[in-house]
Structures are given as C-alpha cells and as structure tokens.
Amino acid sequence: MQHVMGNLRLGRMAIRYSQFVPKLYNYCLSLGFRRDRMMPSRAFCSDESQGYPVILMAQHFGTFPFDHGVVGGKVATDRHGPHAHHGEDLVIVQASHVGYDADQQRFGVYQRQRTTHGEFGANCGKLSAVLDWYLQEYRRARNDVQLGTIDGTPAVFIDNALLNPNRTGGLFLHLDQFIDPARPAPLQVLATSKAFAAAPSLLAKLPDHDWHGARRPIGDMLSAERFFFRHQPVVGPEGHDLLEEAIAPAMPTLVTSPNPALDAARYHTQIEFDRTYRSIQREPAYHNKNVLFMSGLNVDVSPRGGLLFPLTKFVPWAAYARLRDGTSFLLEQDALFDALSAQSVDNPDQISFDAAIETMAAAEGIELPSV
C-alpha cells in the first residue's frame with residue numbers, strides 16, 4: 001500500500017508559471033518571509049525546458065535560486081545545509097516534469113527546436129530511459145500470454161520464458177491469477193509455450209471475453225495487479241540509479257497507464273515530497289529559520305509560433321511550512337491550490353533584467369590582486 005499512487009489532478013489545478021511564481025512570492029510574504037532574506041531553491045531536472053521557470057524565480061525573488069535538484073527532478077537532500085546557510089527565509093520548489101504536445105494532445109513528448117528537423121522526443125529523457133525497459137517487457141508479455149480454448153475448456157497459453165521462475169530479471173506473472181489451482185498441470189505442451197486451464201478468478205474478471213473465439217493475445221487485459229517486475233537498477237559512475245529505484249515499485253501501474261510518462265512524473269513528485277518533507281524535519285540547519293517546501297508537476301507545453309520557451313504550467317501537489325516561531329503546517333493539493341489562488345499576480349518587487357545588467361555593466365571594475 002505504500003506504493004499506491006495518489007490522485008495528483010491536473011485540469012483546473014494547472015497554473016501558468018508566469019502567474020505561479022509571483023503568487024508563490026506573495027504567499028511567502030504572507031507567511032512573514034522578508035524579501036531581503038529570502039533564498040529560493042529549485043529541485044528541477046537539468047533539461048533546458050526547465051530554464052524558463054528558473055528565470056521567473058530569479059526575476060520575482062530577486063536572486064538566482066539555489067540548485068537543489070538532480071536529473072529527473074530528484075531532491076538532493078544533502079544540500080539542505082548549504083541552502084540554509086545562504087538565507088534566513090528559505091523556499092524550496094520541487095517538480096518532476098512531463099512534456100505536452102498541445103496540437104496532438106500528447107503527454108510525454110516535447111519538440112526539440114534546435115535539432116535538425118525539430119523532432120518530437122521524450123521530454124524528461126531520464127524518466128523515459130528508466131521506463132523503456134519496463135515498457136518493452138510489458139509489451140512483450142501482452143503478446144506472450146494468450147487466451148483461447150482446448151477441447152472446449154477456456155485456456156491460458158503462456159510463453160515458456162514467462163514460466164521460468166529462475167530468471168534474474170523481467171516481468172513475472174502472478175500465476176495463481178491465470179492458472180486454475182485445481183488443475184495446475186498443462187492441458188497442452190507446445191513448442192515454446194504451455195496451455196493451462198484458466199483460473200476461475202480470471203474467468204470472473206473477464207466476463208465479456210469470447211473464450212471460444214480465435215486464440216489471441218491478452219493485450220490490455222494484462223492489468224497491473226496480474227504481474228510484477230524484477231530488475232536490478234543500473235549502476236553507473238554516480239552509483240545506483242536512484243530515480244529508477246524510487247519509481248520501480250509502481251511500475252506495473254505505470255506501464256499499463258494510457259500516459260506512462262505523465263503518471264511516472266506524477267508518482268515521482270508524490271514520493272519526492274514525502275521523502276524531502278521528512279528530511280527537512282530532521283535537518284538541524286533549518287532550525288530557527290522560516291522554511292517553505294512545495295512540490296508539484298511541471299508540464300512543459302511545447303513552444304510554437306516562434307516562442308523561445310515552453311508555456312510551462314505548474315500543478316501543485318503539496319506544501320510544508322515550518323516557521324521561525326514554531327508554527328508548522330501541511331497543505332494537501334486542494335488547500336495548496338486555494339492558498340496560491342488567493343494571492344495576487346502583481347509583484348512590485350520583481351527585478352528588470354535589462355536594468356540590472358546595465359547597472360552591472362556600468363559599475364566600476366574591480367581589479368584582482370596578483371597572487
């Protein structure tokens with residue numbers, strides 16, 4: 001039950017970043033945060049599509065945000081201490097991200113405008129790479145489990161590879177959900193598969209299936225509760241693949257989703273909030289500071305019409321605040337959305353990048369000593 005996905009809703013919950021960041025800034029002010037002491041931090045993926053949200057955070061908070069993130073939008077909790085040492089009123093925004101092609105209404109893809117032909121590809125390449133192996137295993141199993149009959153008996157035809165319990169990795173069926181326990185012996189042994197009498201529970205769950213028709217793959221009827229995966233996360237130069245390790249328990253649900261990349265990003269956001277929330281509670285460097293931690297989903301709408309940046313939307317999931325006076329509270333999605341909605345999009349404190357750059361360019365240069 002620990003790995004059940006929560007209902008991180010999109011739709012009306014999505015806020016354009018150009019509105020979200022000033023609302024976030026004003027919400028921080030409402031909690032007693034001071035502009036000249038605020039140090040924002042972002043835990044985003046390193047993808048270039050995440051640049052626009054970072055620019056907006058710098059514009060509204062008046063300082064470039066601290067980098068709290070690693071590839072895939074995972075929070076580097078070992079950076080809490082350095083973050084705390086850079087300010088008194090501390091803000092952390094964590095977001096996994098997913099692409100969206102508005103023209104085709106497709107999640108999980110993003111147009112890379114600087115490629116030769118402006119191809120659409122995976123938005124979060126890291127998340128996509130993690131999903132690929134599991135999706136391939138699932139697609140293969142959808143064809144390698146077939147439904148039919150033998151001498152009038154509803155039967156399940158299972159590829160021999162799926163019947164091998166000694167495999168080091170792959171998709172493994174919960175065989176008790178496929179094979180009649182009262183008749184466990186194969187009804188027929190074929191060249192690369194075996195046929196078994198279908199389990200009564202399977203017959204009950206597929207009341208509309210025509211068992212006496214032509215034998216055909218199980219396809220979409222291979223649902224999440226009927227299988228699990230074994231896969232050793234890849235060990236690379238930086239150690240175990242922590243993102244894969246984090247979302248692996250939910251893989252049966254993710255690969256059977258109509259939008260695997262979207263649901264993987266949603267699930268990752270949820271577990272990252274829970275993990276980081278607990279790390280903040282234990283972090284001594286945050287004591288006697290104001291801290292606001294917020295998690296959500298960045299939906300990167302592929303830019304079109306000559307736009308330089310994606311029309312990124314932020315979908316809030318949850319927030320945790322612990323204030324200097326000892327007050328602390330947790331906001332779930334509805335309450336967080338309402339709290340942000342109540343804030344103004346006007347921020348008189350936002351900086352002008354052009355003016356700031358001109359001022360810096362005109363400033364007297366500082367000579368470094370010879371050492």
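Tutor: We will take the ring pairs one by one, then the charges over rings. Keep in mind that this is a predicted model.

Student: How many aromatic pairs does the structure hold?

Tutor: It holds 15 aromatic pairs.

Student: What makes the pair of Tyr17 and Phe20 edge-to-face?

Tutor: Their ring centres are 5.3 Å apart, and a pair needs centres within 6.5 Å. Their planes stand at 85°. Over 60 degrees counts as edge-to-face, so this pair is edge-to-face.

Student: Where do Tyr17 and Phe20 lie?

Tutor: Both are in helix H1 (residues 17-30), three residues apart. That is about one turn of the helix. Tyr17 and Phe20 are both buried.

Student: Why is the pair of Phe172 and Phe228 called stacked?

Tutor: The angle between the planes is 15°.

Student: Is Phe172 buried or exposed?

Tutor: Buried. Its relative accessibility is 5%, and the cut-off is under 20%. Phe228 has 28%, so Phe228 is partly exposed.

Student: How do you know that a charge sits over the ring of Phe172?

Tutor: The charged end of Arg230 is 4.3 Å from the ring centre. The limit is within 6 Å, and the direction must be within 35 degrees of the ring normal. Arg230 is listed as sitting over the ring. Likewise, Arg106 lies over the face of Phe120, at 5.3 Å from the ring centre.

Terms used
Residues numbered from 1 in each chain as written. Predicted model: local features only at pLDDT ≥ 70, side-chain atom pairs only at ≥ 80, totals over all residues. Heavy atoms only, no water. Phe/Tyr/Trp six-rings, centres within 6.5 Å; stacked < 30°, edge-to-face > 60°. Helix = DSSP H or I, 4+ residues; strand = E, 2+ residues; numbered from the N terminus. Buried < 20%, exposed > 50% of the residue type's maximum accessible area, 1.4 Å probe, protein only.
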